Amino acid sequence: MPELPEVETTVRGLARYLKGERIERVLLHRPDMRFPFPPGLVQTLTGARVTDLGRRAKYGLIHTDRATTMVFHLGMSGRWRIDFSEPAKHDHLVIETASHRFALHDPRRFGFVDLVDTDALESWPPFAAMGPEPLGPGLSAGHLRDAFKRRRQAIKLMLLDQRIVAGLGNIYVCEALFRARIGPRKPAGTVSRPALERLVPAIRAVLEQAIGDGGSTLRDYARPDGELGYFASRFDVYGREGKPCRPPCSGTVKRIVQGGRSTWFCPRCQK
Ligand SMILES: [Zn+2]
């Protein structure tokens, strides 16, 4: 599933070819993905100039000079193809500029697209209650302390709550808790201030490392087999059940289930 770093890589890759360009043609190859394409999508985008691109949580944002932003979500299997020679099955939406072609490709169709007034993006329903961006200035130890106050829920689950931090997925929560040496089952309200001070840079570091690994172009982003490239060998705990922890620790990575999802951690390093 595309996580925040993949969405960021996608947005940066699209921006290289799309920012400042005029959209000349928009094609829909079906009426819907996870949801129907919004009414007026083709008319609104055709002839519009892309002023900028951005990201909020795991949503990509394509801003236009028509005061409208096209929001996209990649769902489970979505990705953008660029400058393809042949149209492919599962290319649901195609955008053409004078010199490039982009296709939103999504075999499982959990992804979707919406059109939102750029001025009203913050109140668009999925964004309205969302917490701060993990890579932005809104995430701080003080924010986490306030959000966790008197909460008994495990810190792992609280970090997956989009109202507390936007866009953090399972991989990066596991990795950040390892780096910050915080046990995933610890009740959020009992995590010490120094631990929260370690957690914020740990979250940023794991995301930034993944963004760096994702490469700087769309061509690098998807492997030739079309699968999203995860760099599992670089994870310290995620997916490493039974494997040795990183030296000098002599512990073994353990897997537990929290909230129906796996958590990997080192019981020796993470208290
Ligand atoms: Zn360890």
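1. A residue is called buried when its relative accessible area is under 20%, exposed when that area is over 50%, and partly exposed in between. Please keep in mind that this is a predicted model.

2. The SG atoms of C245, C249, C266 and C269 coordinate the metal at 2.2 to 2.3 Å. Along the chain these donor residues follow the spacing C-x3-C-x16-C-x2-C. The angles among the four donor atoms run from 105 to 117°, and the site is tetrahedral. For orientation, the ideal angle for four tetrahedral donors is 109.5 degrees.

3. Next, have a look at the packing inside the protein. The largest nonpolar core has 31 residues, and those touching the most other members are L144, F148, I155, L159, I182, L199 and I203. Four helices each supply at least two residues to this core: α4 (141-148), α5 (155-160), α6 (170-180) and α7 (193-213). Of these, α7 gives the most, with nine residues.

4. Leaving aside residues up to four places away in sequence, L144 touches L139, L159, I164, V165, L196, L199 and V200. There is also a second, separate core of 25 residues, with L45, V50, F72 and W80 among its members.

5. Buried along α7 are A195, L196, L199, V200, A202, I203, V206, L207, A210 and I211. In a helix, residues three or four places apart point the same way, because an α-helix has 3.6 residues a turn. The cover over the buried residues of α7 includes α1, α4, α5 and α6.

6. How much of α6 is buried? In this helix, 10 of its 11 residues are buried, so to speak mostly covered. They are N170, I171, Y172, V173, C174, E175, A176, L177, F178 and A180. Among the elements covering them are α1 (4-18), α5, α7 and β10 (261-265). Just after α6, R181 takes a positive phi of about 60°.

7. The helix α1 is mostly covered too, with 12 of its 15 residues buried. Those residues are L4, P5, E6, V7, E8, T9, T10, V11, G13, L14, Y17 and L18. Just after α1 comes G20, with a positive phi of about 85°.

8. Finally, is A88 buried or partly exposed? The relative accessible area of A88 is 30%, so this residue is partly exposed. You will find A88 in the loop between β5 (79-82) and β6 (91-96). Its contacts, not counting residues up to four places away in sequence, are R81 and H105. A88 and A103 lie 15 residues apart along the chain, and their C-alpha atoms are separated by 9.0 Å.

Terms used: Residues numbered from 1 in each chain as written. Predicted model: local features only at pLDDT ≥ 70, side-chain atom pairs only at ≥ 80, totals over all residues. Heavy atoms only, no water. Core = buried A, V, L, I, M, F, W, Y, C linked by side-chain atoms within 4.5 Å. Buried < 20%, exposed > 50% of the residue type's maximum accessible area, 1.4 Å probe, protein only. Contact = heavy atoms within 4.5 Å. Donors = N, O, S within 2.8 Å, 3.2 Å for Na, K, Ca; no water. Tetrahedral: all angles 85-135°; square planar, octahedral: opposite > 155°, others 65-115°.
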